[in-house]
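Trainee: I have a model on my screen. Can you take me through it step by step?

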Amino acid sequence: MSTKSGQHGLVLGGGFAGILAAHVLAARMDSVTVVERDGLPGRPEPRKGVPQARQSHLFMGAGARTADALVPGLLRAWTTAGAHRLSAPGDVAFLTKFGWLPRTPHDEFVLCCSRDLLDWVVRDLVLRNERITVLTETEAVGLTGDAQRITGARLRDRATGEHTSLEADFVVAATGRSSRVDDWLGALGLPKVPVEVIDAGTAYATRIFCPAPDRHRATPGIVMIANVTGEATGGVLLPLEDGLWTATLIGMRGSEPPVGDDAFLDFAKGLSHPVLAELVSEAAPQGSVRGFRGLVNRRPRFDRLPRHPEGLVVLGDAACTLNPSHAHGMTVAASAVAALHAHLEQYGITRGVAARIQRAVSRSAATAWQLSVSDDLRHPDVVGSGLSPAVRVQNHYADRVMRAATERPAVARALVDVMALAKPVTSLMRPRTLTAAFRGPRRRLASADAPLAPRTT
Ligand SMILES: Cc1cc2nc3c(=O)[nH]c(=O)nc-3n(C[C@H](O)[C@H](O)[C@H](O)COP(=O)(O)OP(=O)(O)OC[C@H]3O[C@@H](n4cnc5c(N)ncnc54)[C@H](O)[C@@H]3O)c2cc1C
């Protein structure tokens with residue numbers, strides 16, 4: 001680690017990506033300021049700036065490992081604080097449109113806990129660093145500099161309404177899905193940022209439940225992958241800390257889940273398997289159903305600006321927002337911060353490094369974008385450009401792999417590795433998977449029973 005005297009880093013947004021980015025900048029700069037619109041609670045608590053935290057979040061092992069490599073001790077801190085580390089698919093029952101995947105033991109894992117806990121643990125570890133200062137209740141309202149170089153940000157104190165600006169040698173914008181960085185760049189004279197949008201109208205409805213303690217211990221995570229055609233619905237039931245469950249109903253355009261408390265169970269009963277409805281009907285609801293709509297795939301292509309300004313990198317949801325039913329957002333955000341780290345280590349804050357990093361951020365989201373978009377494009381009412389012949393072939397092959405995975409543990413593990421972003425999509429072309437995919441299932445139908453029994457191996 002080398003630091004340069006007097007250098008100041010600025011991070012806009014103190015969410016998951018912003019705090020990780022602050023950690024990376026603080027390793028090479030004398031001081032880092034994080035500007036956050038909200039107050040940041042000193043314990044796991046909800047806040048306005050991350051409204052999605054009320055919805056189920058499943059954190060892929062690949063993302064957790066990436067974050068832990070950036071901030072050593074993070075993985076252990078998450079599990080110590082109460083996050084459940086579940087083998088996938090060993091401790092998670094996945095229902096595909098072809099049936100349940102076998103719950104075969106596997107090293108790959110997912111973390112399950114409230115999003116408030118996930119974020120708080122990161123803050124708790126990272127913000128101990130005395131080089132990092134957080135300006136809470138402060139909103140970034142624009143950037144300073146010009147089209148060639150970003151030199152800081154314009155800020156507004158939310159209590160007083162007072163406007164100031166803060167200069168920096170390097171700025172990371174991590175203002176999440178409501179980000180306005182593309183407008184801010186336009187105001188400095190940069191050309192319009194090209195934006196890609198694929199919108200299958202995905203909506204969530206989530207409710208927290210308190211099951212009997214034995215039931216909580218014995219029940220695996222349940223992920224009923226949303227079908228994209230026909231009844232385009234799915235559902236998730238995941239363990240949280242403190243013996244709670246989070247249950248989410250998912251529906252795409254035309255099949256959106258209702259937000260009313262009474263309608264929640266009815267919608268759950270209509271999913272492709274009754275297990276989620278059966279489990280939650282025996283548990284005590286905690287609070288009301290919370291909905292979330294507008295879950296589009298949106299990617300402003302900052303990496304495609306004809307000339308990227310020096311001194312600015314955009315990452316996290318501000319650079320790529322995904323349909324969350326694939327649970328990839330935080331893993332992509334962690335990979336983007338890892339790219340920031342790797343490039344700053346290699347090149348330092350030198351001319352052209354921001355453009356290089358921005359391209360790497362874009363590459364780090366490419367697989368997740370492809371997985372999400374190729375699936376969403378199958379929906380008949382999707383808004384966005386249509387299915388190309390290449391994507392049709394890819395989807396056809398993905399279906400064959402999925403069908404084979406319902407009865408072949410090795411294929412199930414290979415499929416989960418890709419769904420979890422732990423291995424590249426090309427790993428599904430290995431001979432064993434390829435052969436299984438083309439042979440198809442050995443019997444006509446996989447078991448219709450949910451694999452809820454405790455794992456014995
Ligand atoms: C319904 C839903 C479910 C999801 N489920 C999953 C899942 O299961 N697994 C998964 O990996 N991902 C999931 N995601 C995605 C995940 O929530 C995001 O990828 C992740 O939060 C991105 O982190 P971020 O730091 O970029 O943004 P955020 O975590 O949203 O943080 C942005 C921060 O910027 C602050 N901010 C915004 N504007 C300003 C401003 N102008 N000035 C100062 N501060 C500002 C906000 O207050 C906030 O603190 C889900 C998303 C949604 C919507």
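Mentor: Start with E4 and strand E7 (residues 109-112): 4 bridges join them, and they run antiparallel. Strands are DSSP runs of E, at least two residues, numbered from the N terminus. The model is predicted: local features need pLDDT of at least 70, side-chain atom pairs count only at pLDDT 80 or more, and totals for chains, interfaces and linings use all residues. Residues are numbered from 1 along each chain as its sequence is written.

Trainee: Which residue in E7 is the bridge partner of Arg85?

Mentor: Strands of a sheet pair through backbone hydrogen bonds, either parallel or antiparallel. Two strands pair if DSSP finds at least two bridges between them. For Arg85, the bridge partner in E7 is Leu111.

Trainee: Which are the edge strands of the sheet?

Mentor: The sheet is open, has 3 strands and pairs antiparallel, in the order E3-E7-E4. An edge strand pairs on one side only, and here these are strand E3 (58-60) and strand E4 (84-87).

Trainee: At what angle does Helix H2 run to E3?

Mentor: Helix H2 covers residues 61-70 and lies across E3 and E7. Helices are DSSP runs of H or I, at least four residues. Axes are lines fitted to C-alpha atoms, for helices over the stretch in contact (C-beta atoms, placed from the backbone, within 7 Å). Angles run from 0 to 180 degrees between N-to-C directions. The angle to E3 is about 70°.

Trainee: How far apart do the C-alpha centres of domain 1 and domain 2 lie?

Mentor: The bounds come from an automatic or database domain assignment. Domain 1 is 4-57 + 114-194 + 301-371, and domain 2 is 197-296. Their C-alpha centres lie apart by 31 Å.

Terms used. Two residues are in contact if their C-beta atoms, placed from the backbone, lie within 7 Å.
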